[in-house]
Amino acid sequence: MYRSVPVPPRSDVAIVGARILPIADADGTRAEPIDNGTIVLADGVIAALGGPDTAIPAGTETIDAGGRWVVPGFIEAHGHLGVHEDGEGWSGDDTNEMTDPNGAGLRALDGIDPADLGFKDALRGGVTSALIKPGSGNPIGGRTALVKTWGRVVDEMLVTQDLSVKSALGENPKKVYGEKKVTPSTRMGTAKVIRDAFVEAQNYRAARDHAEAEGTPFERDLVKETLAEVLDGTLAWDQHCHRADDIATAIRLSEEFGYRLVINHGTEGHKIADYIAEKGIDVILGPLMTSRSKVELRDRTLATAAALAEAGVRIALTTDHPVIPVNFLIHEASLAVKEGLDPVVALEALTINPAAIFGLDDRLGSLAPGRDADLVIWSGDPLDLDSRAEEVFVSGRRVYAFDATTGTAEVADPYGPTLISEP
């Protein structure tokens with residue numbers, strides 16, 4: 001399926017003759033497509049964008065797109081790439097540390113394996129960055145990390161881990177801890193665990209601030225420090241919730257403690273779309289292509305995306321990889337379009353929306369000068385089932401190419417050749 005090739009040097013590149021979908025301009029305003037467009041990449045960022053008369057610096061490598069589509073790299077807004085590795089079974093599953101209901105001291109970054117096959121699948125689907133989250137077995141799961149989908153060391157792939165903390169309501173924590181006969185075994189218990197944790201964090205923050213003012217020693221606590229950052233607004237609260245009543249509980253808790261809530265999954269969001277919109281809350285919706293594998297998914301519908309968007313809710317889409325393979329992210333959007341979602345909004349839900357939800361729209365999610373050179377050359381309209389990602393650039397480096405004549409995908413090997421010394 002994949003053929004490893006040497007890593008190409010990161011050089012200045014101009015792509016010409018393309019249908020370019022910038023998605024948004026430098027101010028974040030929706031941008032119109034550019035036909036017969038030119039985009040110039042230099043030093044890992046987008047240097048210029050425009051029509052066929054766009055100036056190309058001397059010595060720049062030129063790629064003739066021949067009418068193909070150039071689109072920003074997609075962002076998987078809620079995935080488990082690298083922490084739940086494909087084909088590795090229990091040994092490669094580090095998604096959930098289900099030994100303590102409060103995992104706020106955990107960091108997804110410490111469990112990500114860049115060698116996970118899922119990262120190659122991400123490139124295959126035009127996904128160039130992913131927000132990796134601890135799983136949903138705990139009421140509080142841990143700190144998330146946004147990484148590029150190509151690299152050899154996760155620290156080199158990291159964009160930031162100062163975005164959000166994962167939390168879960170509903171069936172998952174209730175089942176995990178209910179089977180252990182410990183709290184939480186009910187929805188009430190799960191909410192109490194979260195409340196208790198934030199009250200303790202409030203007390204911790206007050207004691208810490210007092211100690212700093214007095215110049216006295218203070219004993220640090222990684223769990224409470226993370227939650228204090230949520231209370232301070234430094235980190236968002238990524239709330240796993242499917243049922244409408246769980247979504248309402250998520251909103252209630254966020255208003256009690258004043259933190260910024262981002263709903264994850266939102267399966268029954270269509271039932272209270274106006275309520276979510278009124279509260280001004282973003283929704284990372286999906287996965288949309290699953291079976292109804294548990295009770296809280298029984299009202300799952302591909303029409304939820306359109307219902308939320310029409311109500312005025314800003315949405316992003318997710319595969320929840322490996323629940324749905326990450327390379328199917330574009331198909332989540334296509335199927336949502338089939339059920340009424342505006343195609344323009346569908347592509348925004350894979351690009352600028354997830355970037356903006358987490359305050360990264362100055363780097364990711366659009367093709368504008370100064371943005372990271374994360375982009376994909378598609379054979380045609382990405383929403384068309386027959387289209388495929390043919391060339392993928394991450395931070396200005398072409399790391400993936402599909403050869404239609406052989407059906408082979410070439411992926412730059414970030415580790416390079418292994419040198420074995422002679423005795």
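Two strands pair if DSSP finds at least two bridges between them. Strands are DSSP runs of E with at least two residues, helices are runs of H or I with at least four, and both are numbered from the N terminus.

Welcome to a predicted model, where local features need pLDDT of at least 70, side-chain atom pairs count only at pLDDT 80 or more, and totals for chains, interfaces and linings use all residues. Residues are numbered from 1 along each chain as its sequence is written, and side-chain values use heavy atoms, leaving out hydrogens and water.

Let's begin with the sheet. Six strands form an open sheet with mixed pairing, in the order β9-β12-β13-β14-β15-β16. Each of its edge strands pairs on one side only:

| Edge strand | Residues |
|---|---|
| β9 | 140-143 |
| β16 | 315-317 |

Strand β9 runs antiparallel to β12 (residues 164-168), and three bridges join them. For Arg 143, the bridge partner in β12 is Val 165.

Now for the core. A nonpolar core is a set of buried Ala, Val, Leu, Ile, Met, Phe, Trp, Tyr and Cys residues joined through side-chain atoms within 4.5 Å. The largest one has 83 residues, and Trp 237 and Phe 198 are among those with the most contacts inside it. Helix α6 (residues 244-257) gives the largest share of this core, six residues.

Which residues does Trp 237 touch? Beyond four places away in sequence, they include Ile 140, Val 165 and Phe 198; contact means heavy atoms within 4.5 Å.

Helix α6 also holds Thr 249. Thr 249 counts as buried because its relative accessible area is 16%, where buried means under 20%, exposed over 50% and partly exposed in between (1.4 Å probe, protein chains only). Leaving aside neighbours within four places in sequence, Thr 249 is in contact with Leu 169 and Ala 191.
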